[in-house]
Amino acid sequence: MPIYVYWGEDDFAMEKAITVLRDRVLDPNWISFNYTAFTPDQADAAIQGLNQVMTPTFGAGGRLVWLINTTLCQHCPENVLGELVRSLRVIPENSFLLLSSRNKPDERLKSTKLLKQFATEFREFPLIPPWKTELLVQSVNQVAQTVGVKLTANTAQLLAESVGNDTRLLYNEIEKLRLYAHGTNKPLDVDTVTKLVGNTTQNSLQLAAAIRIGDTAKALTTLADMINASEPGLRIVATLIGQFRTWLWVKIMIESGERNQQAIAIAADIGNPKRIYFLQQEIKLLSMQQLISCLPLLLELEVSLKQGASEMSTFQTKVIELCQVCRGS
C-alpha cells in the first residue's frame, strides 16, 4: 500500500526523506494538481486528506497527500478511524499518503495498528543520544559517504564530537568539507577539519563534563574555544543549566531510594530510561548539595550575560567557581 508514516525528533533527517519521496512520486509539471499538504490546524484535516488521496491523479506522475504533524497515532476520533478503515485498503496505487509527527505512535491505538498493517514504510527518525559516540561516528561516516567526502577514523571522531546529534549541522559541515576538498582524493586530516568545523552544543556538554569533574584547566580551555568560535553565550548557559538540572534530578531520585529507571526518567524528564545508568555513573562522586550549589551560580551567570556583562570574564569567573564546588574545595 502507498502509505508512509514518518515520526521522530530528527526533523532534518525526516525532511530529507520526505523530499526524496516527494521527488520520486510527483511530476514537476503536475505538482500543483497532485500535491496537497494538510496542517493540524486545518479543520477535519485527516478526513480531507483521506478524501484527497482517493482522487485520481491528474496528468503525469503520482499524487501525494501529506498530513503534517498529524495526531492520528496519538488520538484518533471514531469517525476518523472509520474513514481509515474504509480508505486505507483501497487507496489507488498511484496515490501516496504520508503522515508525519514528532511524537511516538501509541501502539495501543487501533489507528496505529491499522496504519502499521498497511504502511509501505513505518519509519522512526530518532535523535542519536549525545553519549552514544559510536552511533554518532557511524552517522558521520554514513553522511560523508552519501555526500562524497573522504574522512579518516580520527576526523570522523572529531566531527562527531563537534556536531553532536545535530543532523542538519552535520550535513552543513560535511558539505563545507566537500567544497573545500573538491578535486582531491585524499581523506581530510584532523588539522583541516579542526580549522573548518565550528563548535556546537556537543562542546557545551564537554564543558559541563569538565566542570563536573572539577577540571578547571580543561573547562577554561573548552570555554575559550567555544567563545572564540562565536558560540552564543546564552546557548552555552542553557545547555549547562539543563545538564546540571538533569544530574540533580537523578541524584535526588537515587538518594530518595528510587531504583526504578523508568520512574527516575519520568521525574528527570528523560525520554530514554537507558540513559539513567550513564547519568548515575557521571554523578556518583558528586553529592546532592554540590549539585544544588551549582544551580544558583549558573543562574547568576545567565542573569549577568542578559544584563550585558563581559562574556568571557563572567564565564571564566563562574566556571572557576563551579569547578571549585564540584571538587569540594
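**Note on the predicted model**

1. Phe58 has a relative accessibility of 44% and therefore counts as partly exposed (buried is under 20% relative accessible area, exposed over 50%, partly exposed in between, with a 1.4 Å probe and protein chains only). Phe58 sits in the loop between helix 3 (45-53) and strand 3 (63-67); helices (H or I, at least four residues) and strands (E, at least two) are DSSP runs, numbered from the N terminus. Together with Trp30 and Phe33, Phe58 makes up a nonpolar surface patch with about 300 Å² of accessible area.

2. This is a predicted model, in which local features need pLDDT of at least 70 and side-chain atom pairs count only at pLDDT 80 or more, while totals for chains, interfaces and linings use all residues. Residues are numbered from 1 along each chain as its sequence is written, and side-chain values use heavy atoms, with hydrogens and water left out.

3. Two backbone angles deserve a look. Asp44, although not a glycine, has a positive phi of about 50 degrees. Asp44 belongs to the loop between strand 2 (35-38) and helix 3 and, at 54% relative accessibility, counts as exposed. Asn69 also has a positive phi, near 50 degrees, and is a residue other than glycine. Asn69 is in the loop between strand 3 and helix 4 (78-87); its relative accessibility of 41% makes it partly exposed.

4. The count of disulfides (cysteine sulfur atoms within 2.5 Å) is 0. Cys294 takes part in none, the nearest cysteine sulfur being that of Cys326, 3.9 Å away. Cys294 is buried at 0% relative accessibility, and Cys326 is buried at 8%.

5. The whole structure holds 8 aromatic pairs. Rings of Phe, Tyr and Trp (its six-membered ring) pair if their centres lie within 6.5 Å; planes under 30 degrees apart count as stacked, over 60 as edge-to-face and the rest as tilted. One of the pairs, Phe12 with Tyr171, is tilted, at 5.3 Å centre to centre and 55 degrees between the planes. This pair links distant parts of the chain, 159 residues apart: Phe12 is in helix 1 (residues 11-25) and Tyr171 in helix 8 (residues 167-180). Both Phe12 and Tyr171 are buried.

6. Phe244 and Trp247 form an edge-to-face pair, 5.0 Å centre to centre with 85 degrees between the planes. Both lie in helix 12 (residues 233-255), 3 residues apart, about one turn of the helix. Phe244 is buried, at 0% relative accessible area, as is Trp247, at 2%.

Technical notes. Patches are made of residues with over 30% relative accessible area and no salt bridge: like charges are joined within 9 Å, nonpolar side chains (Val, Leu, Ile, Met, Phe, Trp, Tyr) within 5 Å. Accessible areas come from the Shrake-Rupley method with a 1.4 Å probe; for residues, only the protein chains shown count as cover. A salt bridge is a side-chain nitrogen of Lys or Arg within 4 Å of a carboxyl oxygen of Asp or Glu.
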